[in-house]
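Please look through the structure shown here before reading the notes below. They are arranged by topic.

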Amino acid sequence: MTDQTHAQTVLTTQDGVPLKVSISRALRRQKLRSVLLVAPLFLFILISFVLPIADMLFRSVENPLVPGTLPNTVVALQVWDENSGEMPPEEVFAALAADLKVAVAAKTHTRVGSRLNYENPGIASLFRKTGRRVKRFEEGDYTAQFLKADKKWGDVGVWQTIKQFSSPMTAGYFLAAADAQRTADGVQFKPEDERIYLFLFGRTLILSVTITITCILLGYPIAFLLSSLPLRSSNLLMILVLLPFWTSLLVRTSAWKVLLQQQGVINDTLVWLGIVGDDSRLALINNQTGTIIAMTHILLPFMILPLFSVMKTISPTYMRAAKSMGASDWYAFWRVYFPQTIPGIGAGSILVFILSIGYYITPELVGGTSGIFISNRIAYHISFSLNWGLAAALGVMLLVVVMVLYWLYDRIVGIDNVKLG
Amino acid sequence: MAALPPYASTGQRTWYYTFRIICGLIFFFLIFPILVIIPLSFNAQNFFTFTPEMLSFDPAGYSLKHYEDFFTNSDWQAAMWNSVRIAPMATIFATGFGTLAAIGLSQSHMPARSVIMAMLISPMIVPLIISAAGMYFFYSRIGLQGTYWGVVMAHAALGTPFVIITVTATLVGFDQSLVRAAANLGANPVTTFFRVQMPLILPGVISGALFAFITSFDEVVVVLFLGSAGQKTLPWQMFTGLREQISPTILAVATLLVTISIILLTVLEFLRRRSERLRGLSPG
């Protein structure tokens, strides 16, 4: 064997340790040192960022409220077949009466009610109303007492909803986020005019694509000019690109809010120039136009910088060679120069698209109702409607889209090659 | 494109000037919104457009009253101090952890390098609203929601990717044999780090710190969810101001923030040139 023949001539260090062992020990030590250097940040990001995202994933499917508040009812409902169309048996009503008595004492029954109300409107008031009476319920024949408290308890649909949400995990939020609902015939999309979330996702995508395209159209000439000018003047002009990049997002948004108003600078100038009549001032804000203009301005540097770094590496001799062989200016540009800039366009577009798809502040301030994004809906569900599960499900869907794009960006550009300024 | 050759045809000449005009207009689009708020912030009226007095350069049309409001109004002052308290602390965390990690990541023996890198950069890529939602849920579970340290932690996490990227970029040009030479001459690792490595990567560290600072200083989405009234920062105050009662004081604040950006940009440009000169990449 080759190993044995080598064994006689093994190289050793001065203290007699075989060289291989010594090297691998040194390597191990270096490896350990680099791991130790990364470890603090790794742990920090894990706790401050990755766990919160994981928590959100969990919240989008978790369903603790119904099993936690109505434990006996959940157990009793297991024997009831929700597709039979019949009312649940007396034991279920008895279990619910016991659960509700506990829940009313702890004042948690309204929370279950409002949770189930997302799925079946009317349940919130049903729980509230029954909650007031359940203390006076007497032993025996709970079915009749419940029906006396509110005849909605005779509706099989109410029980179906309760049973649907009695498992600790639910896909309900995701169904709601995709504008679908569980009906007697399985999962179905809501009627066309009630599909708000798919519509909003669609609008977010369309507006993001529009913004990306306008960024390419405006960014390409600038990057081309900057890369062809001598270093001194291009550095000077670069400041005009970097200053907006460094200016606070809210400053730029407020600037657009001021400029685009009906009584703002742009409309005033247009009226003064006589292009627009005083009574027909353009509506530039609180609509999609406002969102597109402001976000293009905000994201344009993210397109120019990667384009510029690609264009700087393209040697001007290619263009000269093409022209010397008889290509017209346009032909040389389109067939020789442009194809070499496509990686830059790709990098810039993905970056701009990723950033714009999750934008919240600018659409909120200049978008009105027609220019808002899916993020605004997520924010609404967190702070106003308090439907955190739905917010989490919408967030997860958005996150998946962004992660696919991030992976694509990493494949095409490499995340190490991101340049800032 | 650099210069027009003397033999250029009329068509080429026309295109050359048309192209420059187009570029000029795009530059105008980029810079105009930022510059226009500066004179508007000196408006003597509570208007958001130029008054006739301002256009005729009448001194009566200008005043410092919006600045006065900013410096005397307790809401704005509280917001400013909160920003000043949160951003530097977040910067210290982000820069400290980020620099160490960047040094570790740029060593060739780092296992699972690309996966860890992708994870550490992700706070920059994940939409802010998602980070904000996740942090809001999770930090309320562990009792950090609505606290100073919660906001600092979140902002530090958002700032670290910038530190990693800038420090890694300076380490690309770093000659590892310098470390070995220092060790050979008897320096221990700590001395080597502070006397040899640190001075060379310092421009990257500082520009990373500036990025981290501006990330925290400008951040509004996360603090909107995570913070309580006690952590109301300047961008938060601006956001509520813009959404509810839009007052020209916002323009005065915006002008001050633009001034800060210009200072930061100058420092960064200076650092970039210094770093390139030190590493002998270009004559500067």
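Predicted model: local features only at pLDDT ≥ 70, side-chain atom pairs only at ≥ 80, totals over all residues.

Residues are numbered from 1 along each chain as its sequence is written, and chains are lettered from A and ligands numbered from 1 in the order in which they are written.

**Domains of chain A**

- Chain A is divided into domain 1 (2–59), domain 2 (65–170) and domain 3 (196–417); domain bounds come from an automatic or database domain assignment.
- The centres of domain 1 and domain 2 of chain A, taken over C-alpha atoms, are 57 Å apart.

**Contact between the chains**

- In chain A, 78 residues are in contact with 79 residues of chain B, where contact means that C-beta atoms, placed from the backbone, lie within 7 Å.
- On the side of chain A that touches chain B, helix α2 (residues 19–59) gives the most, with 21 residues; helices (H or I, at least four residues) are DSSP runs, numbered from the N terminus.
- That side of chain A comprises 54 nonpolar, 15 polar and nine charged residues. Ala, Val, Leu, Ile, Met, Phe, Trp, Tyr, Cys and Pro count as nonpolar, Asp, Glu, Lys and Arg as charged, and the others, Gly among them, as polar.

**Nonpolar cores**

- The largest nonpolar core has 156 residues, of which L299(A), A133(B) and V222(B) touch the most other members. A nonpolar core is a set of buried Ala, Val, Leu, Ile, Met, Phe, Trp, Tyr and Cys residues joined through C-beta atoms within 7 Å.
- Domain 1 and domain 3 of chain A both give residues to this core, so it lies between them.
- A133(B) touches M56(A), I378(A), I382(A), A391(A), A392(A) and G395(A), leaving aside residues up to four places away in sequence.
- Another core, of 25 residues, lies apart from the largest one and includes V74(A), A76(A), F127(A) and W153(A).

**Helices α4 and α11 of chain B**

- The axes of α4(B) (residues 74–105) and α11(B) (residues 234–243) come within 7 Å and cross at roughly 140°. Axes are lines fitted to C-alpha atoms, for helices over the stretch in contact, and angles run from 0 to 180 degrees between N-to-C directions.
- The two helices are therefore oblique to each other, as angles under 35 degrees count as roughly parallel, over 145 as roughly antiparallel, 65 to 115 as roughly perpendicular and the rest as oblique.
- D75(B), W76(B), A79(B), M80(B) and S83(B) of α4(B) meet L234(B), W236(B) and Q237(B) of α11(B).
- By class, the residues of this contact are five nonpolar, two polar and one charged.

**Single residues**

- T99(B) is in helix α4 of chain B and counts as buried, with 25 C-beta neighbours inside 10 Å. A residue is buried if 20 or more other C-beta atoms lie within 10 Å of its own, exposed if 12 or fewer, and partly exposed in between; C-beta atoms are placed from the backbone.
- T99(B) touches V163(B), V167(B) and V205(B), not counting residues up to four places away in sequence.
- L386(A), in the loop between α19 (374–383) and α20 (388–412) of chain A, is exposed, with 11 other C-beta atoms within 10 Å. Phi of L386(A) is near 60°, a positive value in a residue other than glycine.

Methods: Contact = placed C-beta atoms within 7 Å.
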